[in-house]
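Please have the sequence and the model open as you read.

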Amino acid sequence: MSVSVDPTSVEPSEQHPTEALRPHAEAAFAGELAALAAQDDRPRPARWKLSPWAVATYLLGGALPDGTVITPKYVGPRRIVEVAVSTLATDRALLLLGVPGTAKTWVSEHLAAAVSGDSTLLVQGTAGTPEEAIRYGWNYARLLAHGPSRDALVPSPVMRAMAEGMTARVEELTRVPADVQDTLITILSEKTLPIPELGQEVQAVRGFNLIATANDRDRGVNELSSALRRRFNTVVLPLPASVEAEVDIVARRVDQIGRSLDLPAGPDGIDEIRRVVTVFRELRDGITADGRTKVKSPSGTLSTAEAISVVTNGLALAAHFGDGVLRPADVAAGILGAVVRDPAADRVVWREYLEAVVRERDGWTDFYRACREVSA
């Protein structure tokens, strides 16, 4: 007799990890982390799973003495990663700053996974993030029944990280209201979290640190106070320096996402990936790659992350509704959606770019026709 199980009744710990649509970094790359830990004979800060050298190797990639290949998680200047990792080994918190799509969240997650083995102590910043998300809350049933007590207290991810000597993460810190942001000041400077209702405090144990991410391009940004900004070491994550570097990033991530979604493997689509990246970079920079033609930039950011999304969607179209080969028609609609955010102004920018640049470019005829068709 078969028995059906309501998936909503399954506790998270009972779910098979391979069924997760998007596993946490420490699960997705468990093999690499274990290999690094086994061969890592360098000094480790208190409660770190790996040495700073091994953490940097995990992010940047490399080959271990036994031949194990560590895949790069971040493609960019090595010094940026080294500064970020060394900051976490001090008593200073780390602020990853950059325009949207520069892998701030990705780097934050992988840093926490490599340092603490747990990237889930996360506060997601929004305009509605309350103070309790950073400090603590209360189980109101217990609070009403027995009054304030440690049993009634609900610790935040930051409080848990302090008590256990782990790495906490705060995403989109500049989206959090200014008064809530400033609850971090005492935590980062005094390494304590007062609980005045109980006349107690939580003191951070060795190994605790915090990674925050922020950008100043999106709407709804709240500037960090000077007092809070002084508590961070700021590392700016740049956009990819070259077309080839960005193509490499997009190709790697699209391959990872495609395998996780069980998309049928098709022929190498590197030519279309390079085309998408070229379009995004030219519109982003306001000038063509050869430096000869100035173009208008649309209102959107046209980030590397958006390029990854466009190509992934194109691969799905090619796999399920085409012959499996990534073609211009598969990416045209995604590019249009990424570029035209303001229907009035951005559509003019896109049409001018199509006619002045794409139409005249050798080997881009099929792409021009596909874009004209979806733009009509």
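This is a predicted model: local features need pLDDT of at least 70, side-chain atom pairs count only at pLDDT 80 or more; totals for chains, interfaces and linings use all residues.

Residues are numbered from 1 along each chain as its sequence is written, and side-chain values use heavy atoms, with hydrogens and water left out.

**The chain as a whole**

The chain holds 16 helices and 11 strands, taken as DSSP runs numbered from the N terminus (helices: H or I, at least four residues; strands: E, at least two). Its C-alpha atoms fill a box of roughly 70 × 50 × 50 Å along the principal axes. Of its 376 residues, 44% count as buried, meaning under 20% relative accessible area with a 1.4 Å probe and protein chains only. Taking contact as heavy atoms within 4.5 Å, 71% of the contacts between residues at least 6 apart in sequence join residues at least 24 apart.

Five strands form an open sheet in the order 4-7-10-3-11, with parallel pairing; two strands pair if DSSP finds at least two bridges between them. Strand 4 (122-124) and strand 11 (232-236) stand at the edges with a single partner strand each, so one side of each has no neighbour in the sheet. On average, neighbouring strands are turned by 20 degrees against each other, direction ignored.

**Strand 10 and its partners**

Strand 10 covers residues 209-214 and is joined to strand 7 (residues 167-171) by four bridges, the two running parallel. Four bridges also join strand 10 to strand 3, again in parallel. Some residues that face each other are listed here.

| Residue | Opposite residue in strand 10 |
|---|---|
| Arg169 | Ile211 |
| Leu97 | Ala214 |

Six of the six residues of strand 10 are buried, so the strand is largely enclosed by the rest of the structure. In a regular strand, side chains alternate between the two faces of the sheet. Here Asn209, Ile211 and Thr213 point one way, and Leu210, Ala212 and Ala214 the other.

**Helices across the sheet**

Helix 4 (residues 78-88) lies across strand 3 (93-97), strand 10 and strand 11, at about 165 degrees to strand 11. Helix 5 (residues 104-116) lies across strand 3, strand 7 and strand 10, at about 170 degrees to strand 7. These angles run from 0 to 180 degrees between N-to-C directions, with axes fitted to C-alpha atoms, for helices over the stretch in contact.

Conventions:
Buried means under 20% relative accessible area, exposed over 50%, partly exposed in between (1.4 Å probe, protein chains only).
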